[in-house]
Amino acid sequence: MWSWNHGVRAVFRRLDPVAWKRSDHNPLVMLGGVSQAALERAAADPRFLALYRRACDILDTYVASKPSSNMLVAYFSMEYGLLDCMPIYSGGLGVLSGDHLKASSDSMVPLVGVGLAYQNGYFQQSLDPDGWQQERTPVNDFYSLPMTPETRADGSEMLVAVPVGNTEVWVKVWRIDVGRVKLYLLDTNVAQNAAPEHRAITNQLYGGDSHTRIRQEIVLGIGGLRVLKELQLSPTVFHMNEGHAAFQAIERIRVLMAEQHLSFEEALHASRGSNVFTTHTSVPAGLDTFDPSMIRDYFGGYCERAGIPVDRFLDLGRRAGAEPQEPFSMAISAMQSSAFRNAVSRLHREI
């Protein structure tokens with residue numbers, strides 16, 4: 001909440017404005033480096049103490065208010081623009097996702113977010129004195145950011161297995177408290193993953209080749225759903241923010257087939273009514289597609305174990321009447337598995 005409430009942010013800015021700016025508005029880093037003299041000066045300043053008490057009252061009142069609805073929305077997004085100090089977003093999609101969480105918190109909408117914890121932030125651009133573009137990739141030190149490892153009842157760190165091709169990849173779960181909303185970020189850079197390519201799945205947003213991309217989207221969609229189950233959360237609405245999270249709908253179908261003994265078509269029909277899909281681009285180049293052979297490689301065993309026909313799986317990501325060699329589209333898959341589809345503007349809706 002401190003990231004978007006000006007009254008709370010004023011406490012850090014007034015304590016040490018230089019350190020606040022230097023830390024990229026990160027209270028953990030700032031407070032770890034603020035001088036003892038600055039703390040003693042603030043403790044003796046009645047105006048600062050009044051500002052501090054007011055901020056505490058605002059925060060306590062805000063957090064104490066809880067949503068009264070039994071509904072829960074699970075919001076899946078590849079990126080979240082929450083903080084200056086946490087570059088796990090690239091642009092408008094991430095800023096919208098971050099604002100969606102903040103607005104849900106302010107409006108007391110019962111929502112939980114799911115995303116990926118990227119070790120390296122999205123690259124930043126600048127111009128050198130000669131006018132040439134320079135790129136820098138910031139490194140995210142999770143332990144100096146406002147995020148906490150999620151733990152089980154026995155105090156151990158939460159690790160969840162996700163099937164990526166023929167391998168089980170382990171994901172560590174981090175939690176960010178975005179006001180009243182909790183955001184869970186999945187991290188594959190853990191010792192339990194022996195292969196470097198599996199530890200590197202969450203290395204960087206939109207980095208790597210098509211294999212990296214499909215692995216990221218499997219972890220987000222399938223892994224995200226399994227994490228929610230591990231947390232004993234039972235969402236009533238599943239919101240896919242862009243097609244990156246479309247595999248979440250496939251995992252829901254698999255779970256319904258296994259637990260309710262439904263056919264693929266029955267499970268698809270049963271899950272569609274509570275799926276929401278928001279698309280952000282009308283340009284084909286901005287929509288993820290995968291070759292059918294890649295889908296078979298990554299999901300052949302998954303489909304066999306679940307009893308899902310691979311060809312029907314592929315049809316879910318294609319236009320009606322498409323040729324067998326047509327790529328699998330994440331956007332088409334998300335659209336066909338959702339009863340509610342949103343655009344991001346009226347003009348976009350028309351296109």
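The largest cavity holds about 40 Å³ of space. This is a predicted model, where local features need pLDDT of at least 70, side-chain atom pairs count only at pLDDT 80 or more, and totals for chains, interfaces and linings use all residues. Residues are numbered from 1 along each chain as its sequence is written, and side-chain values use heavy atoms, with hydrogens and water left out.

**Exercise 1.** Find the residues that line the largest cavity, then sort them by class.

*Solution.* Start with the term: on a 1 Å grid over the protein atoms alone, a cavity is a set of points where a 1.4 Å probe fits but cannot get out, and lining residues have an atom within 4 Å of a point. Grid points are joined across faces, edges and corners, and a volume is the space filled by probe spheres set on the points. Next, pick out the lining: E242, G243, H244, G286, L287, D288, M330 and A331. Now sort: three are nonpolar, three polar and two charged. (Ala, Val, Leu, Ile, Met, Phe, Trp, Tyr, Cys and Pro count as nonpolar, Asp, Glu, Lys and Arg as charged, and the others, Gly among them, as polar.)

**Exercise 2.** Work out how α8 and α9 pack.

*Solution.* Helices are DSSP runs (H or I, at least four residues), numbered from the N terminus. Take α8 (residues 210–230) and α9 (residues 247–260): their axes come within 8 Å and cross at roughly 45°. (Axes are lines fitted to C-alpha atoms, for helices over the stretch in contact, and angles run from 0 to 180 degrees between N-to-C directions.) Angles under 35 degrees count as roughly parallel, over 145 as roughly antiparallel, 65 to 115 as roughly perpendicular and the rest as oblique, so α8 and α9 are oblique to each other. Then list who touches whom, with contact meaning heavy atoms within 4.5 Å: α8 brings I214, E217, I218, G221, I222, L225, R226 and K229, while α9 brings F247, Q248, E251, R252, R254 and E259. By class, that contact has five nonpolar, two polar and seven charged residues.

**Exercise 3.** Describe the second largest pocket.

*Solution.* A pocket is an open set of points with protein on both sides within 12 Å along at least five of seven lines. This one has a volume of about 450 Å³. Of its 18 lining residues, L225, K229, F238, V255 and E259 sit closest to the centre. The elements giving two or more residues are α8 and α9, and α9 supplies the largest share, seven residues. Finally, the class count is eight nonpolar, three polar and seven charged.
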